[in-house]
Structures are given as C-alpha cells and as structure tokens.
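Open the model in your viewer and keep the selection tool at hand. The stops below go from one selection to the next.

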Amino acid sequence: MTTPVHPYPGARPLQLEDEAILLGREADVRRIVNSVTSSYTKVVELTADSGVGKSSLLNAGLNPELRRSGRVVVHIDAWSDLAGDNDL
C-alpha cells in the first residue's frame, strides 16, 4: 500500500516556496496587494482568528506577488527586544 501525498504542510504556515498550493485566496491576495501598494495607505493591518491562514496568505500570497512586481520585500517573523525594554 502506498502512502498518499498531501500537498498541505499541516499546522505550519505556508512559505514563499508554497505559493502553488495556496488555493482559493486570489481575491484576498489582490485586495491586500492593492492596499499595501496604494499611495494613500500608510499601514495595513491583517487580523483574523488564530489558524485561519494569515501567515500563509502573507508568505505564499502577498510576498511572491510583491516580488513579481519588482518590490523589495522584507520578511520579519520574530521580534527581539534589542533595547531590553519589555514594555513595548
């Protein structure tokens, strides 16, 4: 018996290289791209319940789309309190 191949990574968020398996989020990606590239937008906040795919949407949707359009993407996925001040 062969083990079925599952395209989804499970609990971990999709990454840049997983763009091909981010399915059904094209409208969401387009809406966020339009927001972050608008000359009127200063800040874009993406909020939703835990586990709905926010990180996957950014990593495998927004990130590659912005790179294709020639924009520089800086990905920060961890915060370090360099000043030692925990009251941020």
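Begin with the pair of helices, α1 and α2: their crossing is right-handed. Bear in mind that this is a predicted model.

Select residues 26-37 for helix α1 and residues 54-68 for helix α2; their axes come within 10 Å and cross at roughly 55°.

Next, show the side chains where the helices meet. On the α1 side, pick Asp28, Val29, Arg30, Ile32, Val33, Val36 and Thr37; on the α2 side, pick Leu57, Gly61, Leu62, Glu65 and Leu66. By type, the residues of this contact comprise seven nonpolar, two polar and three charged.

Which residues does Val33 contact, leaving aside neighbours within four places in sequence? They are Leu62 and Glu65.

Now select the largest nonpolar core, which has 10 residues: Leu14, Ile21, Leu22, Val29, Ile32, Val33, Leu57, Ala60, Leu62 and Leu66. Colour the core by element: α1 and α2 are the elements that give two or more residues to it. The largest share, four residues, comes from α2.

Finally, zoom out to the whole chain. Its secondary structure comes to two helices and zero strands. Of the 88 residues in the chain, 19% are buried. Among contacts in the chain with a separation of 6 or more, 60% are between residues 24 or more positions apart.

Methods:
Residues are numbered from 1 along each chain as its sequence is written. This is a predicted model: local features need pLDDT of at least 70, side-chain atom pairs count only at pLDDT 80 or more; totals for chains, interfaces and linings use all residues. Side-chain values use heavy atoms; hydrogens and water are left out. Axes are lines fitted to C-alpha atoms, for helices over the stretch in contact, and angles run from 0 to 180 degrees between N-to-C directions. A crossing is left-handed if the near helix is turned anticlockwise from the far one by less than a right angle, and right-handed if clockwise. Contact means heavy atoms within 4.5 Å. Ala, Val, Leu, Ile, Met, Phe, Trp, Tyr, Cys and Pro count as nonpolar, Asp, Glu, Lys and Arg as charged, and the others, Gly among them, as polar. A nonpolar core is a set of buried Ala, Val, Leu, Ile, Met, Phe, Trp, Tyr and Cys residues joined through side-chain atoms within 4.5 Å. Buried means under 20% relative accessible area, exposed over 50%, partly exposed in between (1.4 Å probe, protein chains only).
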